[in-house]
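Please have the sequence and the model open side by side, and follow the chain from one element to the next as the text names them.

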Amino acid sequence: MAVADATPVRPRVSAFRQLARSTSVLIGGFIVAVMVTIAALAPWLGTRDPAEVNPSVRNKLPGYEATIRDDEGKKVPVSYRLGTDSLGRDIYSRVVYGARVSLIVGLTVSLISISIGLLIGLVAGYIRWLDGIIMRFMDGLMAIPAILLAIGLVSVFRAGIFAVVLAIVVPEVPRVVRLVRSIVLSIREEPYVESAITVGTPTPLLIFRHVLPNTVAPLIVQGTFICAAAILIEAILSFLGIGIPPEIPTWGNIMAEGRTLFRVFPHNILYPGLFLAVTVLGVNMLGDGLRDVLDPKMERRG
Amino acid sequence: MQDASDAASDLGPILELDGLTVALPKGGDRRNAIDSVSFGVGRGEIVCVVGESGSGKSVTAQAVMGLLPKGQLALTGGSIKLEGREIANISQPELRKLRGQRMSMIFQEPMTALNPVERVGEQIGEVLEIHTPLSAAERRQKVLDIMAAVHLPDPASMIDAFPHQLSGGQRQRVMIAAALVLDPVLLIADEPTTALDVTTQAQILKLIAEMQARRGTGVLFITHDFGVVAEIAHRVVVMQHGRVVEIGSRDEIITRPREPYTQMLIRSVPSLHPPDRKPNASTVALSTDKLCKTYASGGFLAGKRRVVKAAADVTIDVRRGETVGIVGESGSGKTTVARCIARLIQPTSGTIRIGDIDVATLPERRLRPHRKHVQIVFQDPYRSLNPRRTVGASIIEGPVNFGLSTDDAMRRAKDLMQLVGLQPDALDRFPHQFSGGQRQRIAIARALAMEPKLLIADEAVSALDVSVQAQVLALLDDVRVRFDLAVLFITHDLRVAAQICDRIAVMQNGVVVEAGPTMEIFASPKHPYTHALFAAAPGRGVRFGEGLKAVS
């Protein structure tokens, strides 16, 4: 019998290079990178204390120049690039610092819900008799609106990041569970998984080695979408006054405060709204691009 | 059959390919998908284009129909003449007029080729609606006529059925009806029976031959199966790597091919006549007794409970050094039996003895030490290895599970790679760097690494090309002798079963209808189903490579 040489088939184009070729990954990634930089460098971007109240400069339009006394009583010129709100706080500083809250909420929500969802999804997909029980419970969780849950949580705990994150995580987890479960159910039928069973690979190792790697790409994609949704929901909750307490600047809080004088001073809502929209757009574009590259089912057919 | 091709030569060819060349996109494994392909199809003639995967036979069919995937393959040279008219570079609207009217195509997968949400009558009538001015009532009548002509039972009610209500064979008949309703001069059939069971395949082949003879249609029949070629072809075109290797009449190609490649292919076709084998008297490695697997659906909240018997009272013995085949069509339960024995599924009742232990009812934790005794090689070589892990990691996974050190396991894996005919230093490569046949060798090496008593080959050669199939079968036979292995060979292919199995069991609807030494069963089948199965085997009664000198 002829000894067949392993044919060198054309190497797979690395995922990284494919990512670099996708325009939506590039644009989305760029926007997200800019937002992260803004959030990280907030104190050094010419901002003032975002909580500083100054009654003398209430409701000023963008570009307002003023001379105010600092803590030591010296007069310093200040430029309010994006104007001030009804308490005389600098909108620019508040918006920049608000990016921190939004990104932290988005990131923690997606990390927590992916971790919990992955764990429950693997269990549901692998332990058949638990599947029905877990999934009905998940259906129940999905029926709880995040906003109602947030109202409940705020009345039990105090308003704050913890309550907001929890309120968003709870309805997101079942979506991750469903995704992971469906991947597990299809992968466990693969002949290579069955081969691993027949060579006696213990179940935890089997899941870790053969099933888990298949969930990574879809979970990265799902994670970005959860992140975008979480940023939006946080803004909504803060806007409604059931999210982050008003002394912490978040985009939702800024808009909530600007709401009453919206007709006269639209900048109070315009700028945080713009940042919110651009951030969510960026994260979503990143997620879309990642899905095109990482999820072969969505691959364009030529 | 000879008359038909004579008649064809009088009227001139309806399809003429001359120097047809289709380029592959850059970075492919060769420049052209097909290169200077020239042959013709006469009126009322069936021309089989035969070749292994990657030979360009399907691309040839797509080129003729103008269905080359856009942006990937492009016609770069040559001419296609349909009834004397050049159609290689005509516009899409003109091509559309020809499709369905003058030439039409049937595909391999009758389920995906039919629209699942449209009634079959509407799908057959669609071509009439596009190409003829007939009224709805006239169209319906025509559809009913053609459905009767392709022997669909009860056309009057079936015309309003949806595809999922039909069997695979009936769907393929619907496809043929849709293809023939406008009486095209050319019918292109791309592996139309490959997805069908052998008895259904025989009926469809008969139908195509009948329709072609009655209507004088020229048929371009793409296949990889020499049995089918022997059954239906007038003339045969053999292709390899995108080039035509040999063209000849059916008898020339099948009994005395000239080209070495064709000779090699013909020699690789397993004969339906089993060799005489000595009865095996060594110890029993596997014995099942009254093995049952039933599936229940419905039940609680879901209406009436339905019970399906996937396998019923299956009793099989396999001795060391012996190959026992389970033969049957899809749904016969042969794979269920294999999966029960490998304990990938839990049998409902019965016993499975491996050596002295009954593994049928052991819970997973107590079963694990016994798993090494039974190993399985699956059908699909592209899915049976984890694409993310190196071949070496896949092979040593089992031995390491059982306490062997990684170094020792690697050493054993190297030996096994050599044994299955692969380079030992290829262990650190990934599965996608190997061809299908090579991956199947790796799967065999992985199974052997466990030093099993029983090797289950579940359609292990069914997805392979005939020449590769012959090599893998030889390898399986080799390791059986070398390790005194018991082999349980699951297949739907009677030719393969005849060549490799000492004994066979024929299954139908979950029941073993007949079992015995291969020689006896092939010589004098007793059960009517076995009879029918053998009668349907394509190319029965044809001796492949008869005119060739025996190879030493």
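In the hairpin made by β20(B) and β21(B), two residues lie between the strands, and B:Asn509 takes a positive phi near 50°. Helices (H or I, at least four residues) and strands (E, at least two) are here DSSP runs, numbered from the N terminus, and two strands pair if DSSP finds at least two bridges between them. By that rule β20(B) and β21(B) run antiparallel and are joined by six bridges, with B:Ala505 standing opposite B:Ala515 in β21(B). This is a predicted model, in which local features need pLDDT of at least 70 and side-chain atom pairs count only at pLDDT 80 or more, while totals for chains, interfaces and linings use all residues. Residues are numbered from 1 along each chain as its sequence is written, chains are lettered from A and ligands numbered from 1 in the order in which they are written, and side-chain values use heavy atoms, with hydrogens and water left out.

How many of the residues of β14(B) are buried? Five of its five residues are, where buried means under 20% relative accessible area, exposed over 50% and partly exposed in between (1.4 Å probe, protein chains only). In a regular strand the side chains alternate between the two faces of the sheet. In β14(B) both faces are covered, with B:Thr323, B:Gly325 and B:Val327 buried on one side and B:Val324 and B:Ile326 buried on the other.

β14(B) is also among the elements that cover the buried residues of helix α21(B), others including α9 (198-215), β20 (503-508) and β21 (511-517) of chain B. In α21 (residues 528-536) of chain B, the residues B:Tyr529, B:Thr530, B:Leu533, B:Phe534 and B:Ala536 are buried. They cover an arc of only 165° around the axis, which puts them on the same side of α21(B); the arc is that of the directions from the helix axis to the C-beta atoms. B:Lys526, in the loop between α20 and α21 of chain B, is by contrast exposed, with a relative accessible area of 65%. Leaving aside neighbours within four places in sequence, B:Lys526 is in contact with B:Glu514 and B:His531.

Chain B also holds an open sheet of four strands, in the order β2-β1-β4-β5, with antiparallel pairing. Strand β1 (residues 13-23) and strand β4 (residues 74-82) of chain B pair over seven bridges, and helix α2 (residues 57-65) of chain B lies across β1, β2 and β4 of chain B. B:Asp35 lies in β2 of chain B and counts as buried at 17% relative accessibility.

Finally, chain A and chain B bury about 3,000 Å² between them, 50% of it on carbon and sulfur atoms; buried area is the accessible area (1.4 Å probe) that two parts lose on being put together, summed over both. The contact takes 30 residues from chain A and 40 residues from chain B. There are three salt bridges between the chains, a salt bridge being a side-chain nitrogen of Lys or Arg within 4 Å of a carboxyl oxygen of Asp or Glu. A:Arg209 forms a salt bridge with B:Glu397, the closest N and O atoms being 3.2 Å apart.

Technical notes. Contact means heavy atoms within 4.5 Å. Axes are lines fitted to C-alpha atoms, for helices over the stretch in contact, and angles run from 0 to 180 degrees between N-to-C directions.
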